[in-house]
Amino acid sequence: MNRRRPAAWIAAALIGSAVLVTGCSDEGKPVSFDSGPSSPSAKASSQGGAGDGGAPGNDGKDGKGGQNDDASAKNGASPQTLLPTGPKAEFTTQSSLGDGTKIGVTTLKGAKSGFTGKVWVWAPKQYFEDTYKNSGFPVLIALPGGNGYPKNYWMGTDLRLQSSIAEWSKTGKSLPFIVVMPVLNPDAKYYYDGSDIPGRPKMGTWMTEDVPDLVRANFRTFSSRDGWAFMGSSSGGFVGLKSVLKRPDLFKAVIASGPDIVPDSPLWAGHDAEKQANNPEKLAQDLIDRKGPEVALAFQVGTKEATVVPKVRSFIDTYGKGPVKTHLQVIPGGTHNAHTYVKGMGEGTMEWISKQMLAPVPSS
């Protein structure tokens, strides 16, 4: 078992206790993310809740869409834009930002994983502007460290993740991402490595299928995997890293900050084969051996993360070749905490990752 984990959990817990969600007058009130053209399929409701939108014609190879692309084109949407598939989820306001945008929250009943949990979502101001009303937007699934249950600390406003992305997108440092913040684990007792551990809640399916299905059901996204990425710190960094390497057909990139490199949940006991199938080292080598598809892995470490830095550098030295493109952001004076990682994102990581992904297309 990774001996760094307890220290990481303590650090993450301290971060989480310090991050207070800024209150707002409309907290708890319904919030809508409707904007842009309507998809005919959005009117058709299906069973199983908001997460039952399904993959958009994905063939399991290149992440390109199918029939919904044709429907989108007929509605005036830009190329590769996937219009909301429906059914709509019911979001309530968690908090509001200074620019008028809101962080909403809903409860997702995962149609594929069987797990039910909270998901917070924020859409940037550009999403609601007429200039981009016909375009999809890239998605960033942001994962916390520690237990990540019952809340995801990125949904708080004190870390300034959403407001920073809003600022960076104005200066070209970042794309205007839709930020999605699901719970990381099904309880606070164990950590599940974002994986389908036999006999346990299917958190790998929840993270890579149910959560994206919820986003596709409610937002204008891209049918290509080039519009989908993860971001995570500590244990969340591991889950994001592993998810991109395991499902490169669905996701293009990740920002892994102070991450664990190998799976180390105690729940893997007796399931070594399944554990190795969720090991980033093995997954990266498999990707190299089959020569793709290409993935973009951005790592962030603070100079004071003594136990993390050598592991990250070793991973990059060993697997950063062929289709595995890597970037390392070393944060001077940085420690193992979320504030450090947001700082690093503004110093170069977001700009690098944004160049790997699809950008919204303004209307002509």
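Lysine 112 pairs up with glutamate 209 in a salt bridge, with 3.7 Å between the closest N and O atoms. That ties together distant parts of the chain: lysine 112 sits in the loop between β4 (102–109) and β5 (116–122), glutamate 209 in helix α4 (residues 203–218), and 97 residues separate them. Keep in mind that this is a predicted model.

**Around glutamate 209**
- Glutamate 209 also meets arginine 247 in a salt bridge, at 3.7 Å from N to O.
- This pair again joins distant parts of the chain, since arginine 247 lies in the loop between α5 (235–246) and β10 (253–257), 38 residues from glutamate 209 in helix α4.
- Zoom out and you get a salt-bridge network that links Lys112, Glu209, Asp213, Arg216, Arg247 and Asp249.
- Lysine 112 counts as partly exposed, with 36% relative accessibility.
- Glutamate 209 comes in at 24% and is partly exposed, and arginine 247 is partly exposed with a relative accessible area of 24%.

**Lysine 252 and aspartate 226**
- Lysine 252 forms a salt bridge with aspartate 226, the closest N and O atoms being 3.9 Å apart.
- Here the loop between α5 and β10 (lysine 252) is linked to the loop between β8 (221–222) and β9 (228–233) (aspartate 226), 26 residues apart.
- Lysine 252 is buried because its relative accessibility, 8%, falls under 20%.
- Aspartate 226, at 23%, counts as partly exposed.

**The whole protein**
- Searching the whole structure turns up 11 salt bridges.
- The protein has nine helices and 12 strands, and 58% of its 364 residues count as buried.

How values were computed:
Residues are numbered from 1 along each chain as its sequence is written. This is a predicted model: local features need pLDDT of at least 70, side-chain atom pairs count only at pLDDT 80 or more; totals for chains, interfaces and linings use all residues. Side-chain values use heavy atoms; hydrogens and water are left out. Helices (H or I, at least four residues) and strands (E, at least two) are DSSP runs, numbered from the N terminus. Buried means under 20% relative accessible area, exposed over 50%, partly exposed in between (1.4 Å probe, protein chains only). A salt bridge is a side-chain nitrogen of Lys or Arg within 4 Å of a carboxyl oxygen of Asp or Glu.
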